[in-house]
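Please look over the structure shown here.

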Amino acid sequence: MTAEPDFRLRALPAVDDVLKQDAATLAIARFGRPAVVKAVRQALEAARDALRAGKPQSSRPDAIASAALATLTAEARSNLRPVFNLTGTVLHTNLGRALLAEAAVEAAVAAMRSAVALEFDLATGKRGERDDHLRGLLGEFSGAEDATVVNNNAAAVLLTLNTLAKGREAVVSRGELIEIGGAFRMPDIMARAGARLKEIGTTNRTHYKDYAEAIGPKTGLVLKVHTSNYRIAGFTKEVGAHELAALTRERGVPLVHDLGSGTLVDLAGWGLAHEPTVAETIADGADIVTFSGDKLLGGPQAGFIVGRKDLIAKINRNPMKRALRIDKIRLAALAATLRLYRNPDALADELPTIRLLARPQLAIKAMAHRLLPIVAAKLGARFNVEVIACASQIGSGALPLETIPSAGLAIRPRTARGAGRSLDRLAAAFRRLPVPVIGRLEDGAQILDLRCLEDEAAFAANFAALDLGDDHGVT
Ligand SMILES: *Cc1c(COP(=O)(O)O)cnc(C)c1O
């Protein structure tokens, strides 16, 4: 047993021999010599390990060269790959949230390829302002006097707090001290912004008099936060935006409303629950409203700050603004996205976020029935596949308790023994597809919610490449 591996180890080729193979020549042309030499050394090392472990392994130079080429090709593929989002969450933060409208994609590509009049006024030939590209559009849809834009809504909240409440108190209800996931916790953001958090009321009830008593000479602002990802129900009390605005106006302190997702249009028009719009929030008397670009609005990642002209001017004078601003590519995509709102009737066609949210269950179900035989045939006898009704979510904290009736495929192993492991391996095989398919595990099934699947043919072609791995004995 000991002599044989030694003998076989000596049969492995030298690096130079491997580099003479056709696959290595191809690899050198594509990836450069240093990378190929490194990959060949690694392939030889792996072969040595396999032989020592008594595993089958070819010692032929062309096999080693092919292994090195395969590794380099796999490494060259971006990890930021397109996937099929069949999770049922339309605005999935981990899958990049909103898909951009074609008009936004075109505008972004044009801005990437060319110099643009980013901070240049074409009418006068003088220096212009980056924000001018969005000011008018945002004013048009929100009714706000002025607007600016930064990297994301977290940045919008940070910048607003730092500008208006640094070294001062920010008054906020205990029922609104949210954590949104990741490291975005309102009390921490306050601390980073240099504002002193003044919590008022209780988790479930905050009264008008709590605000009235808390506002004093040290108050920088009053903050209202849209409770994006939870809802407090039961014995509750919250002071309405209108009433609160009357109080803050009388006391001369700004009322800032972090809307989170923020929408420019009433979603009820597409059969979804009503979410307060930016215009309604401004009309209710908020002095500043902050919201995201890539949630319900359907654009690229960005954070909007809209509201009173004097306050926006102050925000723009904060040196932090320079560190949080966005680039020409996103600016172009945002402006193109916002322009679509000029024709609300066409939004369900043009804006993927609204289009996907508005897709009727019946149409999704029909697609599920068409895909069922394709998926079932590929999965074989070990899995049972059926069309199911399911519930999609908007995601990213918008309308947290609302679900949208949807449809999809439920895939279950036919035998209960080892079902959990079998489902995990199935999910892994889906992730290995040329375009990885991401579903969700629920009730002992792999669920593919088809709400966000639009290109049925592409899905079918991709699915044909599914390799469950078992005929190679791979685990
Ligand atoms: C999502 C959200 C944020 C953070 O917005 P990003 O654009 O992800 O930075 C802040 N506040 C609320 C209420 C939110 O829902």
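Aspartate 443 counts as exposed because its relative accessibility is 66%, and the cut-off for exposed is over 50%. The model is a predicted one. Aspartate 443 sits in the loop that connects strand E12 (440-442) with strand E13 (445-449). Its phi is near 50°, a positive value in a residue other than glycine.

Most residues other than glycine have a negative phi. Arginine 97 also has a positive value, with phi near 55°. The loop that holds arginine 97 runs between E1 and helix H6 (102-113).

## Phenylalanine 84

Is phenylalanine 84 buried or exposed? Phenylalanine 84 counts as buried because its relative accessibility is 13%, and buried means under 20%. This residue belongs to strand E1, which covers residues 84-85.

Which residues does phenylalanine 84 contact, once its neighbours within four places in sequence are left aside? The partners are Val435, Pro436, Val437, Ile438, Leu453, Asp455, Ala458, Phe459 and Asn462. A further pairing can be given as a distance: phenylalanine 84 and arginine 431 are 347 residues apart in sequence, while their C-alpha atoms are 9.7 Å apart in space.

## The seven-stranded sheet

Seven strands form an open sheet with mixed pairing, in the order E2-E8-E7-E6-E5-E3-E4. At its edges are strand E2 (146-150) and strand E4 (196-200), each of which pairs on one side only. From one strand to the next, the twist averages 25°.

Within this sheet, strand E5 (residues 219-225) and strand E6 (residues 255-260) run parallel and are joined by four bridges. Leucine 223 has valine 256 in E6 as its bridge partner. Helix H13 (residues 309-317) packs on the sheet and touches E2, E7 and E8. The direction of H13 makes about 30° with that of E2. Helix H8 (residues 153-165) lies across E2, strand E3 (169-173), E4, E5, E6, strand E7 (288-292) and strand E8 (303-307). Relative to E7, helix H8 runs at about 155°.

With a relative accessibility of 12%, histidine 257 counts as buried. Not counting residues up to four places away in sequence, histidine 257 touches Lys224, His226, Thr281, Ala286, Ile288, Val289 and Thr290.

How many cavities of 30 Å³ or more does the structure hold? There is one cavity of that size. The largest cavity holds about 30 Å³ of space. Histidine 257 is one of the residues that line the largest cavity, and the others are Lys224, Ala241, Leu255, Thr281, Asp284 and Ala286. By type, this lining divides into three nonpolar, two polar and two charged residues.

## The largest pocket

The volume of the largest pocket is about 740 Å³. Its lining is made up of 26 residues, and those nearest the centre of the pocket are Arg81, Pro82, Val83, Leu95 and Leu99.

Which element gives the most to the lining of the largest pocket? H17 does, with three residues. The lining of the largest pocket divides into 13 nonpolar, seven polar and six charged residues.

## The protein as a whole

The protein has 20 helices and 13 strands. Along the principal axes, its C-alpha atoms fill a box of roughly 90 × 55 × 45 Å. The protein has 475 residues, of which 48% count as buried.

Contacts can also be sorted by how far apart the partners are in sequence. Among contacts between residues at least 6 apart in sequence, 74% join residues at least 24 apart. The pair of phenylalanine 84 and arginine 431, described above by its distance, is 347 residues apart in sequence.

Conventions: Residues numbered from 1 in each chain as written. Predicted model: local features only at pLDDT ≥ 70, side-chain atom pairs only at ≥ 80, totals over all residues. Heavy atoms only, no water. Helix = DSSP H or I, 4+ residues; strand = E, 2+ residues; numbered from the N terminus. Buried < 20%, exposed > 50% of the residue type's maximum accessible area, 1.4 Å probe, protein only. Contact = heavy atoms within 4.5 Å. Pairing = 2+ DSSP bridges. Axes fitted to C-alpha atoms, helices over the stretch in contact; angles between N-to-C directions. 1 Å grid on protein atoms, 1.4 Å probe; cavity = no way out; pocket = protein on both sides within 12 Å on 5 of 7 lines; lining within 4 Å. Points joined across faces, edges and corners; volume = space filled by probe spheres on them. Nonpolar A, V, L, I, M, F, W, Y, C, P; charged D, E, K, R; others polar.
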